[in-house]
Amino acid sequence: TFPWGSIPLFGIDKVTKYHMNVPLYTTTFVWIINKTTYEGMSPMQRKAIDEHCSSEWALRVASPWADFERAGVEKLTNEAGHEVYTISDAQLAEWKRAAQPVVQAWSESVRKVGGDPDAMLKELRDTLAKYNAAY
């Protein structure tokens with residue numbers, strides 16, 4: 001569950017030789033600004049924020065980092081003494097079964113506060129599929 005390119009940076013490759021190629025790692029960054037603070041800014045400051053706080057700029061900033069991390073798979077695959085492998089469909093099914101109690105507990109918590117966990121999960125799965133990110 002560690003980013004691939006950073007494995008050698010942190011020396012993890014010195015103490016591991018088997019690497020499971022499964023997309024389990026993700027990092028989310030969020031910049032949050034108080035509404036009152038934003039409204040107190042000058043029009044020029046708000047314009048700069050509005051023009052640069054977008055999905056396009058997020059991709060522009062994050063893509064080189066993501067490319068570096070993903071390239072680590074090939075680096076470790078080609079490094080002597082290391083084995084990078086994928087899990088089978090049967091193994092993935094076992095993982096999903098093992099996660100069901102967590103999903104069920106989350107669903108119950110969402111229902112308690114008036115949410116619709118089935119709709120939320122459908123939206124998540126649809127979005128993952130849209131970006132070919134589902135596993």
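Tutor: Helix axes here are lines fitted to C-alpha atoms over the stretch in contact, and angles run from 0 to 180 degrees between N-to-C directions. This is a predicted model, in which local features need pLDDT of at least 70, side-chain atom pairs count only at pLDDT 80 or more, and totals for chains, interfaces and linings use all residues. Residues are numbered from 1 along each chain as its sequence is written, and side-chain values use heavy atoms, with hydrogens and water left out.

Student: Why is H5 called oblique to H6?

Tutor: The axes of H5 (residues 89–112) and H6 (residues 117–130) come within 9 Å and cross at roughly 120°. Angles under 35 degrees count as roughly parallel, over 145 as roughly antiparallel, 65 to 115 as roughly perpendicular and the rest as oblique. H5 is therefore oblique to H6.

Student: Which residues of H5 and H6 meet?

Tutor: From H5 come Val 103, Trp 106, Ser 107, Val 110 and Arg 111, and from H6 Pro 117, Asp 118, Met 120 and Leu 121. Contact means heavy atoms within 4.5 Å.

Student: What makes Asn 78 count as exposed?

Tutor: Buried means under 20% relative accessible area, exposed over 50%, and partly exposed in between (1.4 Å probe, protein chains only). Asn 78 has 58% relative accessibility, so Asn 78 counts as exposed. Asn 78 is found in helix H4.

Student: Which residues is Glu 69 in contact with, leaving aside its neighbours within four places in sequence?

Tutor: Those are Pro 3, Trp 4, Gly 5 and Ser 6. Glu 69 also belongs to helix H4 (residues 55–78).

How values were computed:
Helix = DSSP H or I, 4+ residues; strand = E, 2+ residues; numbered from the N terminus.
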